[in-house]
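Here are my notes on the model, as numbered points.

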Amino acid sequence: MNATCGLCGEQLEHDYLCHRHALALAGRLERLPALFAELAEHLMPRRTGLSQIGGPPGPRSPVNEDVIDLRQDGVVLVVESWRADVQRVRWPRHSPPPIEGDMDQRVMTACRWLAMELEWIAAHYPAAGDLAREVREMEGGMLAIVGDPPPRLQRIGTCVAVTDDVGTVCGAVLSRMPGDPVRCRSCGTEYRTAQDLLLLRHYQPRESA
Ligand SMILES: [Zn+2]
Ligand SMILES: [Zn+2]
């Protein structure tokens with residue numbers, strides 16, 4: 001089978017997303033819930049001066065309409081409908097996932113689920129390019145409101161590389177600047193592919209959350 005990346009058109013042997021765009025989508029899905037939560041803080045436009053209190057009602061809405069659209073159902077519906085569609089294609093017999101929690105939890109759940117299925121999506125889901133494009137546009141829309149955060153060191157987890165032949169796990173804290181590759185400063189292990197990152201996530205010690 002010959003396919004092309006649904007985003008950049010790169011010729012691929014099997015997949016519907018090239019490696020670069022699969023990684024980019026993984027990153028977006030990981031950042032999206034926090035971005036969505038932050039959006040709530042931008043619901044009210046910047047406070048107006050005292051002079052405006054009690055003035056005639058202006059044409060401006062007291063809340064930011066774009067934020068309302070995205071917060072109310074824009075983002076939630078988008079990620080949940082992609083999740084439902086991936087599930088429909090992959091497991092046609094399963095019933096759709098139950099919807100639980102508030103908006104923030106729902107976005108988090110759907111993003112996590114999609115991220116966990118990313119490898120399958122990139123390899124087998126014909127609409128992977130559309131999914132990646134829509135998530136990218138949605139992120140752009142939210143960043144336009146929230147503003148780009150200053151780059152911050154991201155904590156990725158702890159290194160899961162085995163460093164000797166008795167199975168000792170490195171365990172060093174992994175961090176990186178956004179967009180940089182993940183490389184352990186202690187043992188030098190690099191986590192470069194989507195597979196590496198999935199394994200890294202999979203073997204993280206359970207967080208007490
Ligand atoms: Zn691509
Ligand atoms: Zn290490």
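This is a predicted model: local features need pLDDT of at least 70, side-chain atom pairs count only at pLDDT 80 or more; totals for chains, interfaces and linings use all residues.

1. Helix α1 packs against helix α5 (residues 128-146) with the axes 9 Å apart and at an angle of about 40°. The crossing of α1 past α5 is left-handed.

2. Which residues make the contact between α1 and α5? On the α1 side they are His-21, Leu-25, Arg-28, Leu-29, Leu-32, Leu-35, Phe-36, Glu-38 and Leu-39. From α5 come Ala-132, Val-135, Arg-136, Glu-139, Met-142, Ile-145 and Val-146. Sorted by class, the contact of α1 with α5 holds 11 nonpolar, 1 polar and 4 charged residues.

3. Helix α1 (residues 19-39) also meets helix α3 (residues 103-116), where the axes come within 9 Å and cross at roughly 175°. Angles over 145 degrees count as roughly antiparallel, and α1 and α3 are therefore roughly antiparallel to each other.

4. The α1 residues facing α3 in this contact are Ala-26, Leu-29, Glu-30, Leu-32, Pro-33, Phe-36 and Ala-37. Their partners in α3 are Asp-104, Val-107, Met-108, Cys-111, Leu-114 and Ala-115. By class, the contact of α1 with α3 has 11 nonpolar and 2 charged residues, with no polar ones. Leu-29, Leu-32 and Phe-36 of α1 are listed in the contact with α3 and also in the contact with α5.

5. Cys-184 lies in the loop between β5 and β6. Is Cys-184 buried or exposed? Cys-184 is buried, because 21 other C-beta atoms lie within 10 Å and the cut-off is 20 or more. Apart from neighbours within four places in sequence, Cys-184 is in contact with Cys-159, Ala-161, Cys-170, Ala-172, Leu-174 and Thr-189. One of these, Ala-172, is 12 residues away along the chain, with a C-alpha separation of 7.1 Å from Cys-184.

6. Thr-189 is also placed in the loop between β5 (182-183) and β6 (190-191). Thr-189 has 20 C-beta neighbours inside 10 Å and so counts as buried. Leaving out residues up to four places away in sequence, Thr-189 touches Cys-159, Ala-161, Cys-170 and Cys-184.

Notes. Residues are numbered from 1 along each chain as its sequence is written. Chains are lettered from A and ligands numbered from 1 in the order in which they are written. Axes are lines fitted to C-alpha atoms, for helices over the stretch in contact, and angles run from 0 to 180 degrees between N-to-C directions. Helices (H or I, at least four residues) and strands (E, at least two) are DSSP runs, numbered from the N terminus. Angles under 35 degrees count as roughly parallel, over 145 as roughly antiparallel, 65 to 115 as roughly perpendicular and the rest as oblique. Two residues are in contact if their C-beta atoms, placed from the backbone, lie within 7 Å. Ala, Val, Leu, Ile, Met, Phe, Trp, Tyr, Cys and Pro count as nonpolar, Asp, Glu, Lys and Arg as charged, and the others, Gly among them, as polar. A residue is buried if 20 or more other C-beta atoms lie within 10 Å of its own, exposed if 12 or fewer, and partly exposed in between; C-beta atoms are placed from the backbone. A crossing is left-handed if the near helix is turned anticlockwise from the far one by less than a right angle, and right-handed if clockwise.
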